[in-house]
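Subject: Structure handover

Hello,

Here is the structure for your work. My notes on what was found in it follow below.

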Amino acid sequence: MSRSTHAHSPTPTTSSRAQSLHSSVSHQSNQTFSAADAARHLSQEHVSRASQEMFRKVADYIRAEMLATGEDYKLLENMNIVTKDRYSELAGVAQELMQEVGKLRTTYSDFEPYLERIDEISQQAETISNIAAELDEYTKSLELRLKRISK
């Protein structure tokens, strides 16, 4: 297909594909297409291919976004599982602590009468100590009187 064989040859900027398209369209119908018709058809074909490529890339982008979102949800699910397990452990520890506090309360209530008795004895010891101090003072004052009288 040389350029000189066509009645309406395409412009030098038209691609060889446009030339073959133009010649095949010319042969299929009895009408002759102009270079503008071929360029318009080529432009529509280019738009169609560009649109298909755009849709493919948008689909790839959406697929990638969905995959990333799915991975985010999996990560969030794993974090929730770990958190649930950790809270279960903490709940077990809290339960054990409550049991130990109960035991300590029982032990304290068992020892409470002894602690009260110790407090009573401590007060009695303090009272005895105060009485002993008063007796000591009284004894000292008696000794001083006796020394004065004996002089």
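This is a predicted model, and its mean pLDDT over the chain is 83, with 75% of the residues scoring at least 70. Residues 1–15 have pLDDT below 50, and this stretch makes 13 contacts in the model beyond near neighbours in sequence. A further stretch, residues 24–31, also stays under 50 in pLDDT, and the model gives it 3 contacts beyond four places in sequence. Where pLDDT is low, the predicted coordinates should not be read in detail.

Overall content

The chain has 151 residues, and 6% of them are buried. Its secondary structure consists of 2 helices and 0 strands. Helix H2 covers residues 35–150. The accessible surface amounts to about 13,300 Å², and carbon and sulfur atoms account for 58% of that area.

Salt bridges

How many salt bridges does a search of the whole structure find? The search gives 10.

Glutamate 45 and arginine 49 form a salt bridge in which the closest N and O atoms are 3.6 Å apart. The two residues sit 4 residues apart in helix H2, so about one helical turn separates them. Which side of this pair is buried, and which is partly exposed? Glutamate 45 has a relative accessibility of 18% and therefore counts as buried, the cut-off being under 20%. Arginine 49 is partly exposed, with a relative accessible area of 43%.

Arginine 56 and aspartate 60 are joined through their side chains by a salt bridge, at 3.4 Å from N to O. Both residues belong to helix H2 and lie 4 residues apart, about one turn of the helix. Arginine 56 counts as partly exposed at 44% relative accessibility. Aspartate 60 is also partly exposed, its relative accessible area being 33%. This pair is part of a network of salt bridges that links Arg56, Asp60 and Arg63.

Arginine 117 and glutamate 120 meet in a salt bridge between their side chains, at 3.2 Å from N to O. Here the spacing is 3 residues in helix H2, so the two are again separated by about one helical turn. Arginine 117 has a relative accessible area of 43% and is partly exposed. Glutamate 120 is partly exposed too, at 40% relative accessibility.

Nonpolar surface patch

Which residues form a nonpolar patch on the surface? They are Met54, Phe55, Val58, Tyr61, Ile62 and Met66, and together they have about 660 Å² of accessible area. One of them, isoleucine 62, lies in helix H2. Isoleucine 62 is partly exposed, with a relative accessible area of 46%; a patch residue needs over 30%, so isoleucine 62 passes that cut-off.

For reference when you open the file, the stretches with pLDDT under 50 described above are residues 1–15 and residues 24–31. The salt bridges described pair glutamate 45 with arginine 49, arginine 56 with aspartate 60, and arginine 117 with glutamate 120.

Regards

Methods
Residues are numbered from 1 along each chain as its sequence is written. This is a predicted model: local features need pLDDT of at least 70, side-chain atom pairs count only at pLDDT 80 or more; totals for chains, interfaces and linings use all residues. Side-chain values use heavy atoms; hydrogens and water are left out. Patches are made of residues with over 30% relative accessible area and no salt bridge: like charges are joined within 9 Å, nonpolar side chains (Val, Leu, Ile, Met, Phe, Trp, Tyr) within 5 Å. Accessible areas come from the Shrake-Rupley method with a 1.4 Å probe; for residues, only the protein chains shown count as cover. A salt bridge is a side-chain nitrogen of Lys or Arg within 4 Å of a carboxyl oxygen of Asp or Glu. Buried means under 20% relative accessible area, exposed over 50%, partly exposed in between (1.4 Å probe, protein chains only). pLDDT is the predictor's confidence in each residue, from 0 to 100. Contact means heavy atoms within 4.5 Å.
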